[in-house]
Amino acid sequence: IFGILWSYSNNIPDYKILKNYKPPVSSKVYSGDGDLVADFSKEKRIFIPFNSIPKNVINSFLSAEDKNFFSHPGVDAKGVLIAVVNNISNLLSSKRLEGASTITQQLAKNFLLTNEVSINRKIKEAILAFRIERALSKERILELYLNQIYLGSGAYGVAAASLEYFDKSIQDLDYGEAALLAALPKAPSRYNPYQNIELAKFRRNLVLKNLYDNNYINLQLYQNLQNEKINVNK
């Protein structure tokens with residue numbers, strides 16, 4: 001195992017670029033009286049620092065993607081073991097295989113690797129995750145992830161997605177809306193509320209269930225939000 005890890009360690013991208021990451025944001029043109037005339041960008045993104053991201057958004061993404069984020073060293077051993085056990089059953093029943101990538105691993109993939117589905121990539125992803133965790137704080141990792149992740153409809157990051165789907169500042173989102181955003185990284189097109197509102201609601205309700213199981217919301221709020229209609233406002 002040591003030999004395999006050593007060989008891969010010499011052939012992976014430099015994770016240190018994350019320390020000096022500058023997000024690609026839009027260029028805005030204003031008229032003389034201050035009105036926005038045009039917005040030029042390759043990606044819809046508004047970078048927002050960690051301290052400005054509301055707790056309900058953070059809790060929703062942790063519940064959807066990585067509930068042990070603040071306690072694992074980059075790779076969640078317990079999550080990997082559960083995924084392996086579940087995938088044995090999934091293989092026998094021809095179901096889709098489960099992943100066990102942490103938020104740190106997803107950050108490594110999105111910034112430094114490709115979307116190639118292979119053991120090679122997973123090993124590199126795990127090595128990079130351990131290194132990133134040693135180099136950056138948990139808050140900085142989460143800040144980069146929440147500003148970089150693609151959430152469908154051309155929106156990158158939670159702030160841009162909040163405007164795209166709800167025409168709201170991220171500060172104004174309730175738990176139901178935050179849960180919908182957290183439902184999107186798994187499959188942004190499949191769960192896009194503009195394309196399939198029923199699938200979007202199904203996935204949102206799974207995130208709400210996780211929020212309840214993780215004690216972020218109480219039973220009454222969980223039941224109320226589960227029955228709440230998704231209202232998007234492009």
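The second largest pocket holds about 270 Å³ of space. This is a predicted model, where local features need pLDDT of at least 70 and side-chain atom pairs count only at pLDDT 80 or more, while totals for chains, interfaces and linings use all residues. Residues are numbered from 1 along each chain as its sequence is written, and side-chain values use heavy atoms, with hydrogens and water left out.

**The pocket**

- A pocket here is an open set of points on a 1 Å grid over the protein atoms alone, where a 1.4 Å probe fits and protein lies on both sides within 12 Å along at least five of seven lines; lining residues have an atom within 4 Å of a point.
- Its volume is the space filled by probe spheres set on the points, which are joined across faces, edges and corners.
- Ser26, Lys28, Asp39, Ser41, Glu43, Lys44, Arg45, Ile46, Ala160, Leu163 and Glu164 line the second largest pocket.
- Helix 7 (158–166) and strand 3 (44–45) each give at least two residues to this lining, and the largest share, 3 residues, is from helix 7.
- Helices (H or I, at least four residues) and strands (E, at least two) are DSSP runs, numbered from the N terminus.
- Sorted by class, the lining of the second largest pocket has 6 charged, 3 nonpolar and 2 polar residues.
- For these classes, Ala, Val, Leu, Ile, Met, Phe, Trp, Tyr, Cys and Pro count as nonpolar, Asp, Glu, Lys and Arg as charged, and the others, Gly among them, as polar.

**Helix 9 with helix 10**

- Helix 9 (residues 197–213) packs against helix 10 (residues 219–226) at an angle of about 180°, and their axes are 10 Å apart.
- That angle makes helix 9 roughly antiparallel to helix 10 (under 35 degrees is roughly parallel, over 145 roughly antiparallel, 65 to 115 roughly perpendicular and the rest oblique).
- Axes are lines fitted to C-alpha atoms, for helices over the stretch in contact, and angles run from 0 to 180 degrees between N-to-C directions.
- Among the residues making the contact are Leu208 and Tyr212 of helix 9 and Leu219 and Tyr222 of helix 10; contact means heavy atoms within 4.5 Å.

**Helix 8 with helix 9**

- The axes of helix 8 (residues 175–183) and helix 9 cross at roughly 110° and come within 8 Å.
- So helix 8 is roughly perpendicular to helix 9.
- The contact includes Ala179 and Leu180 of helix 8, plus Val207 and Leu211 of helix 9.
- This contact of helix 8 with helix 9 has 9 nonpolar, 1 polar and 2 charged residues.

**Helix 4 with helix 6**

- Helix 4 (residues 103–112) and helix 6 (residues 138–148) have axes 10 Å apart and pack at about 55°.
- That makes helix 4 oblique to helix 6, and the crossing is left-handed.
- Residues that meet here include Leu107 and Phe111 in helix 4 and Leu144 and Tyr145 in helix 6.

**Two loop residues with positive phi**

- Aspartate 167 sits in the loop between helix 7 and helix 8, with phi near 55°.
- Asparagine 215 is in the loop between helix 9 and helix 10, with phi near 65°.

Notes:
A crossing is left-handed if the near helix is turned anticlockwise from the far one by less than a right angle, and right-handed if clockwise.
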